[in-house]
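Here are my notes on this model, as numbered points. Please keep the structure open while you read them.

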Amino acid sequence: MKIQPHDTKTFFRYVLPAILSFSLSGVYSIVDGYFIGNRLGDIGLSAVTIVYPIVALIQAIGSGLGMGGAIYFSIYKAKGDDSGARLFIAISNWLMLVFSVILTAMILCWNSPALRLLGADREMFIRAKEYIVVISLGTIFQIFGTGLVPFIRNLGGSAYAMFSMIAGFITNIVADYLLVWVWEQGMAGAAIATVVGQGMTMLLALIYLFVKRHFVLRIPLNQIASTAVLVLKVAAAPFGLAMFPNISLMIINRFSASYGGEAAIAVYACIAYMISVISLVLQGVGDGSQPLISKYYGAGSFRQLRSIRSLAYGFSLLLSAAGCTIMYMWRDKIGVLFGASLEVNMEVAKIIPIFLVSVPFVAIARITISSFYASKKTALAYFLIFIEPVLMLIFMLFLPPLFGGQIMIWWSTVFARILSASLAWIMKVYVDKREFS
């Protein structure tokens, strides 16, 4: 299929700002890790890594709710149903508010058993608890900060969405520097910085929607349930896509605690921070393509849909190759960046090539999943999202005891990603034959 120049121009106009936006959302955790690691050492770095899945859960729920509503908003707009499209903005706003309250209460009540389940113990537990309690109090800022951005992109404001993320990111850096390094507020200071940064993004997103007159709360009572079900049904897919690296992180940390201890967790902390940036860049390609895929799907323009998707595959593979090259060249500097000990840094340099093997496969899986949920193929997206951590768990239960302990924890991750990407490609080929032949 020949890709038209217009398709390429449109693709990059949407995707490049989304890539930067997603990259910055991942760098939030890296910034906290950088400031805490260089102030508190390996124990602080490990504590941030242990608690990060809870932080990611909050952001993934916001992203999922926003994306679920934005996909239907875009499809209905493409069909010419403006009033129907606005209903999805309203229900998404209400869902984000309700989930903010529920999550805040749940984390405040049950953070201790959650941290124990994630593998936190002794001093690591104390520091992780200090961090997550503050994060929970700012849940509403994080959910709206991530949940409103998809609507801005679907309204054609990709550049503004990028600007709001940059502003939040800069705010987070300044606050981290002041609270962690200057005023020495430790883990709580880093958590406050994250909340303040997300609050800035939320504020700018609200300004955009109010100016464009697209911040909507009114929805007929008889349409609340049906509209909410539609949003939640689609939201589960982008939520899972945002969350499954963190499910993987929990699994890896839990098994590493048994085989390699705190040192192994610190090693993977450094690697996970950098790999997460590449993963978020790839998610930026997928979710940056989403407004276009949803629009063309709603309008029945399947040639343009396939053209955008082909560009997404090619560009994501190019970016994954570039990311792998940079990480390999700087592999002996990554641990130093986060203030890790000499022993941890040496282990990071030795282990990181193993993880780079899986990056191109992550690119294929992410673009396939994004294209599925952007065109309402949610069941296929669900399967691909959750098969990777299941495969990872199976591999880790059997391979480390049989073939070498901690090293097979690392390889189990790679094997799971290769297999899940292979399944994604098979499903993509099948769907194409069914829909486009």
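1. A nonpolar core is a set of buried Ala, Val, Leu, Ile, Met, Phe, Trp, Tyr and Cys residues joined through side-chain atoms within 4.5 Å; buried means under 20% relative accessible area, with a 1.4 Å probe and protein chains only. The largest such core has 120 residues, and Tyr131, Ile271 and Trp410 have the most contacts inside it. H2 gives the largest share of this core, 20 residues. (Helices are DSSP runs of H or I, at least four residues, numbered from the N terminus.)

2. The model is predicted: local features need pLDDT of at least 70, side-chain atom pairs count only at pLDDT 80 or more, and totals for chains, interfaces and linings use all residues. Residues are numbered from 1 along each chain as its sequence is written, and side-chain values use heavy atoms, with hydrogens and water left out.

3. Which residues does Trp410 touch, leaving aside its neighbours within four places in sequence? Trp410 is in contact (heavy atoms within 4.5 Å) with Ile252, Ser256, Ala264, Val267, Tyr268, Ile351, Ile354 and Phe355.

4. A second, separate core has 17 residues, among them Val15, Leu292, Ala312 and Phe315.

5. Helix H5, residues 139-147, is mostly covered, with seven of its nine residues buried. The buried ones are Thr139, Gln142, Ile143, Phe144, Gly145, Thr146 and Gly147. Their cover includes H2, H3, helix H4 (122-137), helix H6 (149-154) and helix H8 (186-211).

Methods:
Buried < 20%, exposed > 50% of the residue type's maximum accessible area, 1.4 Å probe, protein only. Helix = DSSP H or I, 4+ residues; strand = E, 2+ residues; numbered from the N terminus.
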